[in-house]
Amino acid sequence: MTEILSLNAVTFSYAPEEPNSKNAVDNVSFSISKGQWIAIVGHNGSGKSTIAKLMNGLLAPTSGEVRFDRDVLTEENLWDVRSQMGMVFQNPDNQFVGATVQDDVAFALENSGVAFDDMVKRVHESLAQVKMDGFLNHEPHHLSGGQKQRVAIAGALALRPKLLILDEATSMLDPQGRIEVLQTVQQLRRETGLTVISITHDLEEAMLADRVLFMNGGKKFAEGTPTEIFTLGDELTALGLDLPFAMKVSRLLQQQGVQLTGQHLTEEELVNDLWTSNFNK
């Protein structure tokens with residue numbers, strides 16, 4: 001698979017001149033292939049958000065290098081690289097600058113000098129991709145949280161990025177809004193091959209990823225599939241990361257003597273195992 005982004009032995013300190021300061025990111029390496037969904041998880045202060053800023057050039061590594069499409073990220077190519085990345089942040093209300101939905105999606109295109117006819121086409125196409133094309137002239141503050149984040153995603157997609165970064169983009173949404181946004185991102189991946197990096201506390205979101213990076217104290221503690229990461233179990237909880245609800249219930253049931261074939265990441269897996277092991281005999 002073709003690599004789109006990599007961190008190679010990246011270290012970053014917010015106070016490198018202070019001898020006793022801790023590195024916010026400490027010798028972290030990983031790579032992401034085109035079309036993958038990677039989740040970066042960890043407790044507060046683990047280095048997740050700093051990594052996001054390093055990936056899009058808001059911060060420069062103290063040592064090591066960030067590569068995009070195999071080119072080292074530098075001051076010379078920074079703006080070109082950023083134009084190929086879309087970013088959606090935590091609070092959708094902080095992202096709106098337009099009076100209407102279509103004005104907001106068009107804002108970054110206008111700043112990028114996109115021709116008017118092409119801009120109109122992109123606005124309509126990106127809103128259709130997130131199923132918000134029926135809200136062109138709506139005022140953003142009248143939308144639900146999930147709708148606002150879908151418009152924010154449309155604004156990022158209108159720039160036709162190769163990579164979409166979701167920085168805690170579902171953390172302030174209600175359950176329905178979270179479902180709407182995650183379903184939208186899943187569909188976009190299937191239809192366009194978009195590469196997605198989600199920085200999240202939400203375990204349900206992390207389980208949708210192809211690969212999970214677990215950060216602790218600025219270091220990469222573990223990397224693998226969602227199943228590989230969450231079956232670490234007690235190691236994760238000892239470091240402040242919760243376990244999926246279905247896995248916790250599975251453990252409690254087995255402690256009470258209920259027969260199960262193993263631990264389960266999703267409620268569907270748990271229900272199927274309960275039915276097969278205990279009732280469908």
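Reader: Where is arginine 70 found?
Author: Arginine 70 sits in the loop between β4 and β5. Strands here are DSSP runs of E with at least two residues; helices are runs of H or I with at least four, and both are numbered from the N terminus. The model is predicted: local features need pLDDT of at least 70, side-chain atom pairs count only at pLDDT 80 or more, and totals for chains, interfaces and linings use all residues. Residues are numbered from 1 along each chain as its sequence is written, and side-chain values use heavy atoms, with hydrogens and water left out.

Reader: Why is arginine 70 called exposed?
Author: Its relative accessibility is 51%. Exposed means over 50% relative accessible area, buried means under 20%, and partly exposed lies in between (1.4 Å probe, protein chains only). At 51%, arginine 70 therefore counts as exposed.

Reader: What is noted about the phi of arginine 70?
Author: It is positive, about 75 degrees, although arginine 70 is not a glycine. Aspartate 69 also lies in the loop between β4 (63–68) and β5 (71–72). Its phi is near 50 degrees, again positive in a residue other than glycine.

Reader: What makes aspartate 69 partly exposed?
Author: Aspartate 69 has 23% relative accessibility, so it counts as partly exposed. Serine 144, in the loop between α4 (116–129) and α5 (145–157), has 33% and counts as partly exposed too.

Reader: Why does arginine 211 count as buried?
Author: Its relative accessibility is 16%, so the label is buried. Arginine 211 lies in strand β9 (residues 211–216).

Reader: How do you know that arginine 211 makes a polar contact with glutamine 36?
Author: The two side chains come to 3.1 Å. A polar contact is a pair of N or O atoms within 3.5 Å; within protein, one must be able to donate a hydrogen and the other to accept it, and residues adjacent in sequence count only if both atoms are side-chain atoms. So the 3.1 Å pair between arginine 211 and glutamine 36 qualifies.

Reader: Which residues does arginine 211 touch?
Author: Among them are Trp37, Ile38, Glu223 and Thr225, leaving out residues up to four places away in sequence. Contact means heavy atoms within 4.5 Å.

Reader: Why is leucine 127 called buried?
Author: Its relative accessible area is 0%, so leucine 127 is buried. Leucine 127 is placed in helix α4. With residues up to four places away not counted, it touches Val101, Val105, Met132, Asp133, Leu136 and Ala154.

Reader: What makes helix α1 largely enclosed?
Author: In α1 (residues 48–55), 6 of the 8 residues are buried, so the rest of the structure largely encloses the helix. The buried residues include Ile51, Leu54 and Met55. Glycine 57 follows α1, with a positive phi near 80 degrees.

Reader: How many helices and strands does the protein chain have?
Author: The protein chain has 11 helices and 10 strands.

Reader: What share of the 281 residues counts as buried?
Author: The share is 48%.
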